[in-house]
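Biologist: I would like to learn how to read salt bridges in a model. Please take me through them one at a time.

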Amino acid sequence: MDEPSRIGLTATTGAQLDELLEDLNPEPGTEGVKLIKFDLYRLAIALGLKSSEPPPLLSEKSTSSLRVAELDPDGVLFLAAESSGLLPGGSSVYEFIERLAEAGIADFYRAFQKTGQLPIDQYFDE
């Protein structure tokens with residue numbers, strides 16, 4: 001199976017990610033940890049794999065804005081997704097990863113809209 005060299009998010013979820021980063025990051029000129037797109041994208045993938053629920057198909061075409069070589073330079077995401085048991089047979093691993101990120105970021109956005117924060121405790125409960 002040929003793997004894409006770029007993956008991303010749909011336009012809707014990409015805008016939600018940008019809004020989350022704007023709200024979660026410290027104001028310019030103040031101290032604090034600054035998140036980047038890769039941070040939330042990778043977290044969404046990891047939580048999607050943890051949930052053991054296959055992500056839904058994308059509702060629209062994604063914009064391929066992230067280079068796989070930068071997102072997953074050591075192939076750790078690829079290996080985790082490939083060995084998760086969630087990957088449909090004959091599917092591209094990175095397209096599956098893209099779907100995990102899409103679903104996870106949409107979940108982050110919904111949670112943030114309700115509470116004004118990400119429910120980190122919920123994500124890491126055992």
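Modeller: Start with E70, which has a relative accessible area of 39% and is partly exposed. Bear in mind that this is a predicted model.

Biologist: Which residue forms a salt bridge with E70?

Modeller: The general idea comes before the case. Side chains of opposite charge can pair when their charged atoms come close. Here the partner of E70 is R67, with 2.3 Å between the closest N and O atoms. R67 is partly exposed, at a relative accessible area of 41%.

Biologist: How many salt bridges does a search of the whole structure find?

Modeller: The search finds three. One of them joins the side chains of D18 and K37, at 3.1 Å from N to O. D18 belongs to helix α1 (residues 11-24) and K37 to helix α2 (residues 37-51), so this pair ties together parts that are 19 residues apart in sequence.

Biologist: Where do R110 and D107 lie?

Modeller: R110 and D107 are in helix α5 (residues 93-115). They are three residues apart, so about one helical turn separates them. They form a salt bridge whose closest N and O atoms are 2.1 Å apart.

Biologist: What is the relative accessibility of R110, and what is the relative accessible area of D107?

Modeller: R110 is at 46% and counts as partly exposed. D107 is partly exposed too, with 39%.

Definitions and conventions:
Residues are numbered from 1 along each chain as its sequence is written. This is a predicted model: local features need pLDDT of at least 70, side-chain atom pairs count only at pLDDT 80 or more; totals for chains, interfaces and linings use all residues. Side-chain values use heavy atoms; hydrogens and water are left out. A salt bridge is a side-chain nitrogen of Lys or Arg within 4 Å of a carboxyl oxygen of Asp or Glu. Helices (H or I, at least four residues) and strands (E, at least two) are DSSP runs, numbered from the N terminus. Buried means under 20% relative accessible area, exposed over 50%, partly exposed in between (1.4 Å probe, protein chains only).
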